[in-house]
Each structure stands twice: as structure tokens, then as C-alpha cells.
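The following note sets out comments on the model, as requested. Please read it with the sequence and coordinates at hand.

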Amino acid sequence: MPKKISRRDFVADAARVGAVFSIVPRHVLGGRGFIAPSDKLNIAAIGVGGKGRSDIEGVNSENIYALCDVDWHSAEDAFIHYPKAKRFKDYREMLDKEAKNIDAVMVSTPDHVHAVAAMMAIKLNKPTFCQKPLARTLAEVRLLAAESSRRRLPTQMGNQGHTFEGTRQIREWVEAGVIGPVREVHYWTNRPIWAQGIDRPVEAYNVPPTLDWNLWLGPAPERPYAPTYCPFSWRGWWDFGTGALGDMACHGMDAAFWGLGLRYPTRIEAETTELHPESGPKSSRVTYFFPAREGRPEVKVVWRDGGLWPVRPSALEESVPWPPEDIGGQLWIGDSGAILAGMYAENPRLVDPVKDKELKANPPAQKYPRSPGLYLEWINAIKGGPAPNSNFAGHSGPLTEMVLLGVLAVRSGRTIDVNPTTGELIGNPVPTEWLRPAYRSGWSL
């Protein structure tokens with residue numbers, strides 16, 4: 001008699017080998033709008049306060065099976081809304097104990113935990129979602145991309161702009177020649193909105209009673225707790241985060257990376273305010289130089305943060321404030337025009353109002369399929385659909401590498417030369433631990 005296989009084992013095996021399978025339509029089981037329990041995935045979430053909280057909402061069509069956070073005060077709202085979910089403080093314990101019951105894993109922790117948590121999930125053959133940037137260092141990004149590719153798992157990074165209409169519109173406009181060959185793309189952001197350009201605090205603080213500081217540190221080097229590290233300002237510290245560029249460029253620079261096929265630059269120049277050994281500068285301007293590729297000319301991409309932004313385009317109407325977006329934006333400059341859009345490529349428009357009106361009346365034909373959304377791409381892929389657009393190996397890994405190369409230029413305060421084919425640094429310009437960190441005992445990839 002044939003051995004029976006559970007649906008959960010079938011889902012896991014299908015995800016592991018990339019198989020395509022079908023599930024009985026929901027309307028057949030219980031009427032339109034009904035979601036049968038057998039259709040739902042058991043999702044485990046690591047980091048469920050802050051951004052992690054909204055990530056859980058993005059997949060709440062599924063069964064939120066387990067919640068993990070090192071601070072149960074931060075996790076309180078998620079616990080209240082999902083009272084049946086199992087609760088953990090240590091993701092290692094959660095994945096060890098519940099691996100057979102978990103179908104997929106979300107990682108929404110500070111940057112320094114991304115790689116170790118996501119890799120554990122991947123090695124358990126779990127489809128994995130991870131917030132941006134994919135990891136804190138180049139070596140970690142490359143290992144995550146390689147392992148997820150080897151196991152053929154559905155993966156997705158949380159850079160939602162890649163799913164937006166505007167990202168596809170900009171590429172379609174550029175490829176239709178609307179602004180001519182693109183020579184420059186400028187980005188700016190209001191980040192950092194946390195403390196940077198400071199030295200390590202020397203005051204002594206008590207750890208909040210709900211926080212497990214040892215687990216929060218995870219793989220990072222030991223240091224005393226201070227409120228300037230968590231729950232929010234960790235982004236400004238190199239041991240934990242990647243600064244303003246690492247925080248927002250996986251959103252902003254995504255459109256140019258994808259739309260222009262940028263891949264690796266040849267050189268990166270960084271200008272910054274005063275450098276501190278442990279935290280990012282208060283502001284920076286980072287210039288990437290990309291070689292000509294596949295029929296497009298050389299491109300210069302300029303990133304600005306900390307209150308810096310480009311010169312106002314001369315063709316922009318006086319009624320439009322500059323900069324036009326509070327959180328940030330992007331300006332594409334071609335030989336015959338310019339495109340202005342938000343940080344996530346939302347609401348793109350031509351800078352010239354007359355040309356913009358003509359374009360909106362007669363847009364190029366849609367060339368690239370529209371996305372059902374960041375989370376649904378991932379869920380659909382787990383259930384047998386196409387690979388998510390920001391999967392680790394094909395898109396978000398290489399995108400994060402490009403961003404982190406710029407972070408190295410910011411952190412070192414020097415020009416970084418790069419092999420544009422391999423992405424390897426030329427001349428060993430930075431310490432090895434910036435590329436490939438050592439982990440505390442008990443934490444590993």
C-alpha cells in the first residue's frame with residue numbers, strides 16, 4: 001500500500017525542488033472568498049515589532065503559526081492579534097522545535113541578524129522572506145544567495161518598491177526612448193533619522209526587563225546595553241546596521257539597478273561629514289560609476305543623505321516644492337529629458353510638464369508584467385507560482401551587493417575600485433572583518 005504523505009511535507013518537498021503543484025481552488029471547497037485550512041501556510045516570523053509587525057500583516061491570509069522576538073514588550077501587539085501563535089525569544093529554539101510544522105519563515109530583525117536567521121531557515125529548506133538589506137556584509141549576501149539558489153527555494157527581500165507600478169513604468173519609458181539615453185540618476189533621502197556620527201556611549205544603563213540583550217546582540221560582538229542601540233537607532237552603528245545608504249538604497253536604487261541593468265560599478269567615491277569608527281556619518285554623497293552595458297552608455301548614480309539633495313531641475317514648475325518628497329526621491333537624467341519619482345519609484349513623471357502631459361496621454365505599451373504585491377509574490381511562489389521578483393539569487397542579492405559596496409566607501413572614507421565583472425574589490429581597501437564578520441560563539445551561518 002502506498003505510503004501517505006502529508007500536505008505539509010508535500011509543500012516542503014515542492015519548495016525544495018522547485019516543483020509546480022496545484023491546490024484545490026478555495027471556491028470549490030467553501031464558496032468564493034473562503035480560504036480552506038489546507039490552503040494556508042504556517043508562517044513563522046522572527047522579529048515581530050516595528051517593521052516586522054507590518055510584515056506579518058502582509059501575510060495574514062496565511063496561518064501565523066509562531067512569533068519570535070527578543071523583546072516581548074515590542075512583540076505585544078503581535079501577540080495580542082495572533083493569540084494562538086506559539087511564542088519564542090530565540091529563533092534558534094523556534095526553528096529547532098517547530099521545523100516540521102513551519103512552512104515558511106519571515107526575518108524582520110536588525111541587519112546584523114538577517115544572515116544567521118535567514119540561513120538557518122534556508123538550511124531547513126524553508127521558503128524565506130527577509131527585510132532589506134539582505135545582509136550586513138558582502139560575504140553574507142553571497143552565501144545566502146548561493147544557498148537559496150542551490151536549494152531552489154522561493155525567497156523574497158522586503159524592498160516593496162520593486163513590486164510597484166512606477167518601477168515598471170520608468171523602465172518602459174526609458175526603453176521607449178522617452179528621455180533618451182540615461183547618463184545620470186540621482187537619489188536623496190531624509191535618512192538618517194536616528195543618531196549617527198557619534199562615539200560609543202560610556203554611561204551605564206540597565207537592560208529593560210522585557211529585553212534579552214544577549215539574544216538581541218546575537219552574532220555581534222559583546223558590548224553593554226545602551227538605549228542608543230535599540231529598539232531603533234541600531235541602523236547607525238556598523239556592528240548592527242548599514243547606515244542611511246544601507247537602509248534606503250535597496251528601495252531607491254532598485255529602479256535603476258533593474259531598469260538599467262547596472263550590476264557592479266567600476267568605482268565608488270564617497271564624500272562625508274566627520275567619520276567615526278563605530279557609527280555612520282551624519283551625511284554623505286556617494287557616487288557610483290557604472291560601465292556601458294548591453295547597448296546603454298556609462299551611467300553615474302549619485303546618492304545623497306543627511307539633508308543633501310540635487311540641484312532643482314530648471315524645467316520643473318515653480319509650484320512644485322524642492323525636494324518634492326519628504327522621505328526622498330530620484331531624478332533620472334537623459335539626453336532629451338528627465339524623470340522625477342519618489343524613493344520607491346512611486347508617481348513617476350517627466351520634469352517637463354508639457355512632455356509629461358503628452359506622455360500620460362500616450363504612454364508606451366506595457367512591456368513588463370505588473371506585480372500582485374511584495375508578499376503575495378512570495379506566497380504564490382511557495383504554492384507553485386513563479387519565483388518572486390526580488391528573490392535572493394536573481395535580484396535582491398546582487399542589488400544588496402551593489403549597495404554594500406557603497407557602504408564600504410562611506411565607512412572607509414576612500415574611493416573603492418571594483419571589478420565590474422566579479423564585484424571583487426581591487427587592492428584590498430578595507431579590513432577583512434568588514435567583508436566577512438566573525439560571529440560570537442553559538443551563532444554561525
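The numbered points below cover the strands, the helices and several individual residues.

1. Basis of the note. The model is predicted; local features need pLDDT of at least 70, side-chain atom pairs count only at pLDDT 80 or more, and totals for chains, interfaces and linings use all residues. Residues are numbered from 1 along each chain as its sequence is written, and side-chain values use heavy atoms, with hydrogens and water left out.

2. The parallel sheet. Six strands make up an open sheet with parallel pairing, in the order β3-β2-β1-β4-β5-β6. Strands β3 (86-88) and β6 (155-158) each have a single partner strand and stand at the edges, so one side of each lacks a neighbour in the sheet. On average, neighbouring strands here are turned by 20 degrees against each other, direction ignored. Strands are DSSP runs of E with at least two residues, helices are runs of H or I with at least four residues, and both are numbered from the N terminus. Two strands count as paired if DSSP finds at least two bridges between them.

3. The β5-β6 pair and helix α3. Four bridges connect strand β5 (residues 128-131) with β6 in the parallel sense, and F129 has Q156 of β6 as its bridge partner. Helix α3 (residues 51-58) lies across β1 (42-46), β2 (63-68), β4 (104-107) and β5, and runs at about 145 degrees to β5. Such angles run from 0 to 180 degrees between N-to-C directions; the axes are lines fitted to C-alpha atoms, for helices over the stretch in contact.

4. Helices α6 and α7. What angle do helix α6 and helix α7 form where they pack? Helix α6 (residues 111-123) and helix α7 (residues 138-151) meet at about 15 degrees, with their axes 10 Å apart. The two are therefore roughly parallel (angles under 35 degrees count as roughly parallel, over 145 as roughly antiparallel, 65 to 115 as roughly perpendicular and the rest as oblique). On the α6 side the contact is made by A115, A118, M119, I122 and K123, and on the α7 side by E140, L143, L144, E147, S148 and R151; contact means heavy atoms within 4.5 Å. By class, this contact has six nonpolar, one polar and four charged residues. Here Ala, Val, Leu, Ile, Met, Phe, Trp, Tyr, Cys and Pro count as nonpolar, Asp, Glu, Lys and Arg as charged, and the others, Gly among them, as polar.

5. Residue Y439. This residue is in the segment after α15 (432-435). Y439 is partly exposed, at a relative accessible area of 22% (buried means under 20%, exposed over 50%, partly exposed in between, with a 1.4 Å probe and protein chains only). Leaving aside residues up to four places away in sequence, Y439 touches A115, V116, E140, P219, S444 and L445. Y439 and V116 are 323 residues apart in sequence, yet their C-alpha atoms are 9.5 Å apart.

6. Strand β9 and its partners. Five of the seven residues of strand β9 (residues 284-290) are buried, so the strand is largely enclosed by the rest of the structure. Strand β8 (residues 267-272) runs antiparallel to β9 and is joined to it by six bridges, with R267 bridged to F289. Strand β10 (residues 299-305) also pairs antiparallel with β9, through seven bridges; S284 has D305 of β10 as its bridge partner.

7. Strand β11 and its partners. Six of the seven residues of strand β11 (residues 328-334) are buried, and the strand is mostly covered. Seven bridges link β11 to strand β7 (residues 182-189) in the antiparallel sense, and V182 is bridged to G334. Strand β12 (residues 337-342) pairs antiparallel with β11 over six bridges, and a hairpin joins β11 to β12 through two residues. G334 has G337 as its bridge partner in β12.

8. Backbone geometry to note. Most residues other than glycine have a negative phi, and most peptide bonds are trans. The peptide bond from R191 to P192 is cis, with omega near 5 degrees; P192 is in the loop between β7 and α9 (213-217). A cis peptide bond also joins C230 and P231, where omega is about 20 degrees.

9. Positive phi values. A345 has a positive phi, near 70 degrees, and is found in the loop between β12 and β13 (349-350). N347 has a positive phi near 50 degrees and is located in the loop between β12 and β13. A345 counts as buried at 1% relative accessibility, whereas N347 is exposed at 60%.
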